[in-house]
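Here is a briefing on one protein chain. Look at the structure first, then read the points below.

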Amino acid sequence: MIITRKIELSPGFLGSWEFIQNLNYQVWKAANRIVTEQHFNSRAMQKIRAANPDASKDKLQELFSAFFGCSVKNTTYRTTREEFPELPSTVATTLNAEITSLYGKDMPEVARGQRSIRSYRLGMPIPFQASAVKMDAAGIVFMKHRFDFRLGRDRSGNRIIIERILSGEYKFCDSRFQLKGKKLFLLLAVRIPDEKPPLNPEKIVGVDLGIKVPAYLGMNEGGARLAIGSADDFLAVRLRIQAQRRELQKNLKFTQGGKGRKKKLTRLDKLGQRERNMVRTINHRISADIVRFALHQNAATIHIEDLAGFGGDAKKDFFLRNWSYFELQEMIWYKAGRAGIQVR
């Protein structure tokens, strides 16, 4: 299973920060150029298909390669290397593969009018191949530039993950850099061995998603029960944050000054992010407790209550509006999958 960890980096050399900023700009321009080239290739393929209606998919690809001198995917890579010579090949290769893959996935929805063609903004993640990086316990070296880890208190256990990568227990996969303001982060992708302890296929954990208690667990045999979380505590904090936001929104109507809209809404945005982080943290804790309970009971399956159609009165609608149940279910899915537990 592949997981991603976000680790702050500190440039070790004087020119490393300028290198990353320039790389960030080049990646942004190249990503949008690849999308443009893919759109051109799609139109060209449509014309080839119209001229050869009976040709198979492989034959159409062959006709395209004969006309343009390379495959559809290679045309975008060739264009990237020609127009952005400063872009390292390790970045150009992973960027081209990523953008072309996303373009192909988006095209059915684009054709149905359900979305527009994807475009990219400055500050998008910078992909690179793991083979282009040298890692040690203190940091990484990328294209002769040194970047040190800033682990801080390390509450997420990133130092342990780095040690296991260096020991060979975990595998370092293709990852990304992410520039956010004046900070640089490594989005470290790691392949870890799937934890598959011996589980009893006859044992099932039922998860009842309630209003008073966010998650109530019960076994199909043995009688074990567990109530997780408190709706009262959760709502007290979230409603207080929402009240602060409403009050701030009212006061902003009368704010004057020449600092601009973005400056005035900074505090409002921070409150919104604080509320979002709180909900996500609580969902992480609940989902982890559910999977831990299942492992402790040696259960091979988790059954989650289906909330489709739930609601219809003011109390239920109010609570569903203030709780991210879909996010909770997604967290249970991937954490249980890591432990080898099936979720239904």
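At 17% relative accessibility, Asp-154 counts as buried. Buried means under 20% relative accessible area, exposed means over 50%, and partly exposed lies in between (1.4 Å probe, protein chains only). This is a predicted model: local features need pLDDT of at least 70, side-chain atom pairs count only at pLDDT 80 or more, and totals for chains, interfaces and linings use all residues. Residues are numbered from 1 along each chain as its sequence is written, and side-chain values use heavy atoms, with hydrogens and water left out.

**The whole chain**

- The protein chain has ten helices and 13 strands. Helices (H or I, at least four residues) and strands (E, at least two) are DSSP runs, numbered from the N terminus.
- The protein chain has 344 residues, and 40% of them count as buried.
- Take the contacts in the protein chain with a separation of 6 or more: residues 24 or more positions apart account for 68% of them. Contact means heavy atoms within 4.5 Å.

**Positive phi values**

- Most residues other than glycine have a negative phi.
- Asp-154 is not a glycine, but its phi is positive, near 55 degrees. Asp-154 lies in the loop between β5 and α5 (158–167).
- Met-143 also has a positive phi, near 55 degrees, and is a residue other than glycine. Met-143 sits in the loop between β4 (139–142) and β5 (145–150). Its relative accessibility is 38%, so Met-143 counts as partly exposed.
- Gly-168 follows α5 and has a positive phi, near 95 degrees.

**Helix α5 and its buried face**

- Which residues of α5 are buried? They are Asn-158, Ile-161, Ile-162 and Ile-165.
- Seen down the axis of α5, these buried residues fall within an arc of 100 degrees, so they line one face of the helix. The arc is that of the directions from the helix axis to the C-beta atoms.
- An α-helix has 3.6 residues a turn, so residues three or four places apart point the same way.

**Helix pairs**

- Two packed helices are described by the angle between their axes and the distance between the axes. Axes are lines fitted to C-alpha atoms, for helices over the stretch in contact, and angles run from 0 to 180 degrees between N-to-C directions.
- Helix α2 (residues 57–68) packs with helix α3 (residues 72–83) at an angle of about 30 degrees, and their axes are 9 Å apart. α2 and α3 are therefore roughly parallel to each other. Angles under 35 degrees count as roughly parallel, over 145 as roughly antiparallel, 65 to 115 as roughly perpendicular and the rest as oblique.
- Gln-61, Phe-64 and Phe-68 of α2 make this contact with Val-72, Thr-75 and Arg-78 of α3. The residues divide into three nonpolar, two polar and one charged. Here Ala, Val, Leu, Ile, Met, Phe, Trp, Tyr, Cys and Pro count as nonpolar, Asp, Glu, Lys and Arg as charged, and the others, Gly among them, as polar.
- Helix α8 (residues 266–296) and helix α10 (residues 325–338) pack at an angle of about 40 degrees, with axes 9 Å apart. That makes α8 oblique to α10.
- In the contact of α8 with α10, ten residues are nonpolar, three polar and four charged. Among them are Arg-276 and Val-279 in α8, and Glu-327 and Leu-328 in α10.

- Is Ile-20 buried or exposed? At 0% relative accessibility, Ile-20 counts as buried. It is found in helix α1 (residues 16–51).
- Leaving aside neighbours within four places in sequence, Ile-20 is in contact with Ile-126, Phe-147, Phe-177, Leu-179 and Leu-184. Ile-20 and Ile-126 are 106 residues apart in sequence, and their C-alpha atoms are 9.1 Å apart in space.
- His-39 is found in helix α1. With a relative accessible area of 34%, His-39 is partly exposed. Not counting residues up to four places away in sequence, His-39 touches Tyr-103 and Ile-117.
- Val-141 is found in strand β4. Its relative accessible area is 29%, so Val-141 is partly exposed.
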